[in-house]
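Subject: Structure for your review

Dear colleague,

Please find below the structure that I am handing over to you. My notes on its salt bridges follow.

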Amino acid sequence: MKKCKRTGMLVLLGLLATVTFAQPVDSISLRWFQDAKLGLFLHWGLYSQTAGDWKGHPTTGGEHFMLYERIPLKEYALIANDFNPVDFDASRWVKMAKKAGMRYVIITSKHHDGFSMYDSKCNDYNIVRRTPFAHDPMADLIKACRKEGLKFGFYYSLGRDWEDPDVPTNWPTKAGRSNTWDYPDEDAKDLNAYIERKVKPQLRELLTQYGKIDFIWFDTPEMVTAQQSAEIRELIHSLQDGCLINNRIGNGYGDYAIVEQTLMEHISLKPWEACLTMGKNWGYNRYDTIYKEPDALIRNFTDIVSKGGNMLLNVGPDGKGNFSRLAKDRLRAFHDWMEINKEAIYGTRPWSVYGETLSANEKEIIDKSDFHDAVYDGTPQNIVPDIRYTCKNNAVYVIVRNVKDLSYTLKSFSSLCNIISVTCLGEKKNVKWSLEPNGLNIEMKPYLRRPSIYVLKVVLKA
């Protein structure tokens with residue numbers, strides 16, 4: 001594609017690596033990942049059953065409440081006696097994801113509480129052995145994903161496990177995320193024993209029991225050593241060649257980077273993903289009733305894509321296996337927007353700049369707190385009229401976000417650009433435009449039902 005010259009052009013910032021990468025996996029897998037743009041994250045476990053309550057009071061710490069409430073393992077494990085997700089329907093979940101435009105699914109196979117959501121033969125603390133449900137939902141989900149053409153991956157909590165006696169942590173301080181009420185001697189804990197006894201056997205199960213697995217999505221490496229990360233990576237690829245691994249395997253051994261509950265500040269050309277919640281919590285919590293508006297989620301999504309990333313959008317199913325109405329409403333909003341604008345998303349890459357603001361006086365409000373764990377949101381908390389860009393072949397896509405003016409100038413286009421046409425996705429007629437010394441001037445017709453976020457397609461001479 002012929003590119004326009006402009007002040008401060010090119011993606012020098014995008015060349016700044018956010019993570020180091022070990023031996024690269026199949027480039028085809030990474031290319032697919034960078035083309036996919038949108039995935040579904042599922043946090044589902046015993047915490048879904050309690051739904052934010054514990055002994056008559058609302059819990060603190062969301063799905064981490066075992067830690068925050070310091071609940072003994074024997075007591076916490078009793079939740080499994082009531083966990084019976086009779087409404088679980090893998091096909092329904094996957095179809096909702098696909099309809100929303102998602103191209104892959106990641107689900108918690110084992111979260112920090114140590115409870116496995118699959119049939120683990122090496123550790124009976126799992127959904128098949130301990131609950132009246134007595135069924136492996138992962139097998140159903142994988143089958144449904146294959147039927148619908150979505151890729152699939154397992155989330156696995158690596159450096160935190162409150163069921164196992166040998167898991168020390170060091171964040172934010174020594175023993176800061178350890179089970180010290182059941183296992184108080186932090187110095188006696190042997191991380192390698194835990195990895196050999198539980199992590200490696202469970203990864204072997206996850207990668208051999210279900211056929212093709214596309215991702216292993218690790219969380220919280222904590223005190224995992226470089227040698228342990230290398231051994232885990234080698235194990236994964238010995239069982240599933242081409243399986244993508246995120247950078248939370250630790251020590252630079254991942255294939256792609258993760259940012260959590262926040263947005264990247266610059267373009268990154270290396271593969272990366274932002275995982276975000278719709279509400280406050282990852283797991284289902286009945287007190288979590290204020291979700292981000294669909295416009296805010298789509299704004300976050302377009303910002304991520306403009307900077308070269310994917311969005312992994314979370315849903316926390318409840319203890320019966322249902323998505324909340326709030327979650328389903330937002331998935332439908334993604335469907336409606338993507339039906340019109342998917343051309344500007346799938347298979348695109350960052351342009352020379354990721355975007356521009358149309359008002360120098362308005363800035364996004366972001367919480368940049370240093371400490372965040374279970375409940376945190378570092379995404380913009382306000383709506384600012386601005387522009388985001390993506391590109392593909394000889395087209396630049398201008399994602400116009402919450403701009404009420406019908407006439408505006410895109411300063412990122414210089415007078416040297418050789419523009420053939422400007423159209424609005426979802427509309428048949430061309431947009432009135434002119435290339436001026438100060439940029440590309442756009443004049444939109446006063447359509448009554450124009451969405452708050454729409455896309456212009458600028459075709460350049462090849």
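Arg 401 counts as buried, because its relative accessibility is 1% and buried means under 20%. Please bear in mind that this is a predicted model.

The partner of Arg 401 is Asp 386: their side chains meet in a salt bridge, with 2.8 Å from N to O. Asp 386 lies in strand β12 (residues 386-392) and Arg 401 in strand β13 (residues 395-401), so the pair ties together parts that are 15 residues apart in sequence. Asp 386 is buried as well, with a relative accessible area of 2%. Both residues also belong to a network of salt bridges, which links them with Arg 299, Asp 303, Lys 307, Glu 364 and Arg 388.

In one of them, Asp 166 forms a salt bridge with Arg 197, and the closest N and O atoms are 3.3 Å apart. This pair links distant parts of the chain, 31 residues apart: Asp 166 is in the loop between β5 and α8, while Arg 197 is in helix α8. Asp 166 is buried at 14% relative accessible area, whereas Arg 197 is partly exposed at 39%.

In the other, Asp 214 forms a salt bridge with Lys 151, the closest N and O atoms being 4.0 Å apart. Here the distant parts are 63 residues apart, with Asp 214 in the loop between α8 (191-208) and β6 (215-219) and Lys 151 in strand β5 (residues 151-157). Asp 214 counts as buried at 13% relative accessibility, and Lys 151 is partly exposed at 28%.

Across the whole structure, the search finds 36 salt bridges.

Yours sincerely

Note on methods. Residues are numbered from 1 along each chain as its sequence is written. This is a predicted model: local features need pLDDT of at least 70, side-chain atom pairs count only at pLDDT 80 or more; totals for chains, interfaces and linings use all residues. Side-chain values use heavy atoms; hydrogens and water are left out. Helices (H or I, at least four residues) and strands (E, at least two) are DSSP runs, numbered from the N terminus. Buried means under 20% relative accessible area, exposed over 50%, partly exposed in between (1.4 Å probe, protein chains only).
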